[in-house]
Amino acid sequence: MNTIKKYLGIVWIFVAVAAIFFLVQSAIHNIKPNGTLDINKPMPWVIIIIIFIPIAVGLALFGWYAFKGEYDKSES
Amino acid sequence: MYVGNLINKNAAACMKENNKNNIWKVIGASSVGTLIEWYDFYIFGSLATIISEKFFPSTNPTTAFLATLATFAAGFIVRPFGALFFGRLGDIVGRKYTFLLTLVIMGGSTFLIGCMPTYASFSFAPYLILILRLLQGLALGGEYGGAATYVAEHAPEGKRGYYTSWIQTTATLGLFVSLIVIITVQKSLSKEAYNEWGWRLPFLLSIFLVIVSIVIRMKMNESPLFSKLKSEGKTSTNPLKESFGNKANMKMVLLALFGATMGQGVVWYTGQFYAQTFLIKTCGLEATQTNTWIGIALIFVTPFFVVFGWLSDKIGRKGIMLTGMLLAVICYRPIFKNMYEICDVKNRIEAASTITTTKKINPNKATDSLVVKTSNVVFTDSSKLLLTETYSLEKLQINLNAPIDTKKTITLASNYQWNIIGYIFILVLFVTMVYGPIAAFLVELFPTKIRYTSMSLPYHIGNGVFGGLVPFIATLITVSPGSDYLSGLWYPMGVAAVCFVIGILYLSSKKASGE
């Protein structure tokens, strides 16, 4: 189980990077000057990407701790 | 000797009885205040259409921009910031005064929204409404952690899940009360009076509720665990640094977020709000019928917050919360598909229909003249469809007869009532499984001296950010090529699935001492 937890750490780091990439790419594709939906406006994207960067960093950090075996023991 | 023992036994029994009475006072005072805060936060969302009309006209780019900012910043930025700000305050000054302050800010902001002159008479109003909405988000960010911590620190070991679950009912009850108040005001007034001034009443009512709650809370004592720490001089001087700068605690904050609150937030939002939007916008179900049926489902399902909170004391928090997430991942698509099919007119036989056509000559100078075709269809099962198709007159004249806008509203026959209520019940039942035990779970994860700060942030990121993103990401997925009416569910299902995997692997069922 500890080995799975450890190697899944790499997956969490990858997911964190992929989430930011997905958000930035989606923002570029969906912001449209004449769009009427929220996803077409720049402001929601700016807010979401700004707030999501530290969350993604947190997920990557979680993945790093998991990879280092920091969660191997039951601590909660 | 015998008399002495008897007195001691009586004194112990009295003390036990007093403690029991006291815990119910604590739960009552905390829950009522938190319920009012949720009520205040929801009425702004429930009355968003009329607020936009009065304060943020879409024809003005500046006010439209402020409206977007009010929607997104209040949930995504200000709530987590409020969690940090008030969490820190609560760990330094104390729980009682901090969540009194959040109540005053929330109630005051809500009341002032109700008093605000409209944009038509006061051009600065949109800016003030934005500030007041941000204050609401800030107060909500601070309230929940305080109330949950306060109740948990009064609760005896082994009953935290049960006692804190009463706090967990407040988010659903706040939604329920806000719907009841709005529907009552709408039905008591004429449409003109409601549009003119009646919409302000739900906001103004808040001040009375808040005053009552403040009076009740003022009479309560500080949390015993925090008082003990304070008297020993062991409170934290820098809760933010100790919460997020300390590696051992930071690991727990990350685990709480990615292994519990992230999944809980999306399940909560999907069950309580996305289902409502799905029924009204995607299925076209009539709004009052939808809200009434949701209200009935909420009455039946709300007690399950307490049931699962109580059960979590017996069998552990982790199993219940993760089961709720797993069931949500498995059942969301079939449930939403069935709700859609119940409302789908393709599955019905038409019994009678009437068509009315009206012309609107230059309704708006920016567009040409319009032709509105309204069809009233009655089906053999007594369900009714109101189909409104809007055509451009110029395009009609050159045989381009596709409608530029189509709106369908279906009113289902009463024999479908329990099917829809049943599905809503199941969706919110998943919410009760993930949300009922979470306050006790978070409280037990962190030590008393930094508990308010440490538990508030993952809770509000999980609910405010991951949960709050559900409609936005769902729209994003739905407009992508190859998507269908169920595609928006991939986001909550994906987040809940990741959270389930993290939770099952990394979380332990072992409970912390709570000290």
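What percentage of the 515 residues of chain B count as buried? In this predicted model, the share of buried residues in chain B is 48%.

## Overall form of chain B

Chain B contains 20 helices and 4 strands. Its radius of gyration is 25 Å, close to the 24 Å that the globule rule gives for 515 residues, so chain B is as compact as a globular protein of that length. The C-alpha trace of chain B spans about 100 × 50 × 50 Å along its principal axes.

Contacts in chain B can also be sorted by separation in sequence. Counting those between residues at least 6 apart, 81% join residues at least 24 apart.

## Helix α20 against helix α14

Two packed helices are described by the angle between their axes and the distance between the axes. For helix α14 (residues 317-343) and helix α20 (residues 490-506), both of chain B, the angle is about 150 degrees and the axes are 9 Å apart. An angle over 145 degrees counts as roughly antiparallel, and α14(B) and α20(B) are therefore roughly antiparallel to each other. Their crossing is left-handed.

On the α14(B) side, the residues that meet α20(B) are B:Lys318, B:Leu322, B:Met325, B:Leu326, B:Ala328, B:Val329 and B:Tyr332. The α20(B) side consists of B:Pro492, B:Met493, B:Ala496, B:Ala497, B:Cys499, B:Phe500, B:Gly503 and B:Ile504. By class, the residues of this contact are 13 nonpolar, 1 polar and 1 charged.

## Helix α20 against helix α11

Helix α20 of chain B also packs on helix α11 (residues 247-282) of chain B, at an angle of about 145 degrees and with the axes 8 Å apart. The crossing of α11(B) and α20(B) is left-handed.

From α11(B), the residues in this contact are B:Leu255, B:Phe258, B:Gly259, B:Ala260, B:Met262, B:Gly263, B:Val266, B:Val267 and B:Thr270. They meet B:Pro492, B:Val495, B:Ala496, B:Cys499, B:Phe500, B:Ile502, B:Gly503 and B:Tyr506 of α20(B). The contact of α11(B) with α20(B) divides into 13 nonpolar residues, 4 polar and no charged. B:Pro492, B:Ala496, B:Cys499, B:Phe500 and B:Gly503 of α20(B) take part in the contact with α14(B) and also in the contact with α11(B).

B:Leu486 sits in the loop between α19 (470-478) and α20 of chain B. A residue with 20 or more other C-beta atoms within 10 Å is buried, and one with 12 or fewer is exposed. B:Leu486 has 18 within that distance, so it is partly exposed.

Apart from neighbours within four places in sequence, B:Leu486 is in contact with B:Arg333, B:Phe336 and B:Lys337.

## Helices α5 and α6

Helix α5 (residues 125-154) and helix α6 (residues 160-188) of chain B cross at roughly 150 degrees, and their axes come within 9 Å. The crossing of α5(B) and α6(B) is right-handed. Helix α5(B) contributes B:Ala147, B:Ala148, B:Val151 and B:Ala152, and helix α6(B) contributes B:Arg160, B:Tyr163, B:Thr164 and B:Ile167. These residues divide into 6 nonpolar, 1 polar and 1 charged.

## Two positions in the strand region

B:Thr358 belongs to strand β1 (residues 350-360) of chain B. With 9 C-beta neighbours inside 10 Å, B:Thr358 counts as exposed. Its C-alpha atom is separated by 8.2 Å from that of B:Thr374, 16 residues apart along the chain.

B:Ser382 is in the loop between β2 (370-379) and β3 (384-392) of chain B. Its phi is near 80 degrees, a positive value in a residue other than glycine. B:Ser382 is partly exposed, with 13 other C-beta atoms within 10 Å.

## Contact between chains A and B

The contact takes 26 residues from chain A and 25 residues from chain B. On the side of chain A that touches chain B, α1 (2-30) and α2 (42-67) of chain A each supply at least two residues. Helix α2(A) gives the most to that side, with 12 residues. The residues of the chain A side divide into 16 nonpolar, 5 polar and 5 charged.

Methods. Residues are numbered from 1 along each chain as its sequence is written. Chains are lettered from A and ligands numbered from 1 in the order in which they are written. This is a predicted model: local features need pLDDT of at least 70, side-chain atom pairs count only at pLDDT 80 or more; totals for chains, interfaces and linings use all residues. Axes are lines fitted to C-alpha atoms, for helices over the stretch in contact, and angles run from 0 to 180 degrees between N-to-C directions. Angles under 35 degrees count as roughly parallel, over 145 as roughly antiparallel, 65 to 115 as roughly perpendicular and the rest as oblique. A crossing is left-handed if the near helix is turned anticlockwise from the far one by less than a right angle, and right-handed if clockwise. Two residues are in contact if their C-beta atoms, placed from the backbone, lie within 7 Å. Ala, Val, Leu, Ile, Met, Phe, Trp, Tyr, Cys and Pro count as nonpolar, Asp, Glu, Lys and Arg as charged, and the others, Gly among them, as polar. The radius of gyration is taken over C-alpha atoms; the globule rule is 2.2 Å times the number of residues to the power 0.38.
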